Amino acid sequence: MRRINTRRIKAKYSYSLQELANVINCHPNTISGWIKNEGLRRIDGIYPYMIYGQVVIEFLKMRQLKNKTKLLLTEFRCCTCQATSTAWEGIATIATINSKIAMLQAVCERCNGKISKIISLKNSAEIEKTFSIHTLQSSALIQSTNTNCETKGV
Ligand SMILES: [Zn+2]
């Protein structure tokens with residue numbers, strides 16, 4: 001999703017949907033969708049709808065934070081230290097599971113715990129550029145991996 005620049009919104013100003021749409025460069029329907037479906041608060045009792053700039057800024061910041069929890073290609077969710085982490089020294093092992101997916105396994109840079117995630121082989125070229133890859137026999141790797149700790153990755 002496109003990142004919206006909240007700096008262009010004035011906190012002390014009240015916006016109509018059209019004005020706000022112009023400021024953040026989107027369609028007014030997108031904003032009415034946020035009101036209906038995502039809990040953006042409009043100013044009560046005014047029609048057509050008006051929204052406080054401050055409310056929009058907070059709403060968009062929260063929304064962008066939520067979207068950020070999706071892992072990047074280089075990131076893993078470590079179940080030992082409970083953090084989003086990266087592979088130690090950028091080294092990872094890869095084992096094909098079937099024609100579409102593979103298991104990427106590495107050592108957590110923060111706590112030295114084992115980290116792993118399922119990757120799509122569509123991304124394998126990018127993964128080979130990103131990591132220093134060691135290929136393992138797939139059966140050996142899968143058996144040694146705690147399957148409760150997999151994170152769905154890219
Ligand atoms: Zn860790």
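**Close-up views of a predicted model**

View 1. Asn-112 sits in the loop that links β5 and β6. Although Asn-112 is not a glycine, its phi is positive, at about 65°. Most residues other than glycine have a negative phi. Is Asn-112 buried or exposed? Asn-112 counts as exposed, because 12 C-beta neighbours lie inside 10 Å, and the cut-off for exposed is 12 or fewer. The hairpin of β5 and β6 has five residues between its strands.

**View 2. The whole chain at a glance.** The protein chain contains five helices and eight strands. Along the sequence, they follow the pattern β-α-α-β-α-β-β-β-β-α-β-α-β. Of the chain's 154 residues, 20% count as buried. Among contacts between residues at least 6 apart in sequence, 57% join residues at least 24 apart.

**View 3. Strand β5 and its two partners.** Met-103 of β5 can be traced to both sides: Ala-95 has Met-103 as its bridge partner, and the bridge partner of Met-103 in β6 is Ile-118.

**View 4. The largest nonpolar core.** This core holds 15 residues, and those touching the most other members are Ala-92, Ala-102, Leu-104 and Ala-106. β5 gives the most, with five residues. Which residues does Leu-104 touch, not counting residues up to four places away in sequence? Leu-104 touches Ala-92, Ile-94, Ser-116, Lys-117, Ile-119 and Ile-127. A second, separate core has eight residues, among them Tyr-15, Leu-20, Ile-51 and Val-56.

View 5. Ala-87 belongs to strand β4. Ala-87 is buried because 21 other C-beta atoms lie within 10 Å, and the cut-off for buried is 20 or more. Leaving aside neighbours within four places in sequence, Ala-87 is in contact with Phe-76, Ala-92, Ala-106, Val-107, Glu-109 and Phe-131. Take Glu-109 from that list: Ala-87 and Glu-109 are 22 residues apart in sequence, and their C-alpha atoms are 5.5 Å apart in space.

View 6. Gln-82 is found in the loop between β3 (75-77) and β4. What is the phi of Gln-82? Its value is near 60°, which is positive in a residue other than glycine. Gln-82 counts as exposed because 10 C-beta neighbours lie inside 10 Å.

**View 7. A cis peptide bond.** The last stop is a proline in the loop between α2 (28-37) and β2 (50-52), namely Pro-48. The peptide bond from Tyr-47 to Pro-48 is cis, and omega is near -5°. Most peptide bonds are trans.

How values were computed. Residues are numbered from 1 along each chain as its sequence is written. This is a predicted model: local features need pLDDT of at least 70, side-chain atom pairs count only at pLDDT 80 or more; totals for chains, interfaces and linings use all residues. A nonpolar core is a set of buried Ala, Val, Leu, Ile, Met, Phe, Trp, Tyr and Cys residues joined through C-beta atoms within 7 Å. Helices (H or I, at least four residues) and strands (E, at least two) are DSSP runs, numbered from the N terminus. Two residues are in contact if their C-beta atoms, placed from the backbone, lie within 7 Å. Two strands pair if DSSP finds at least two bridges between them.
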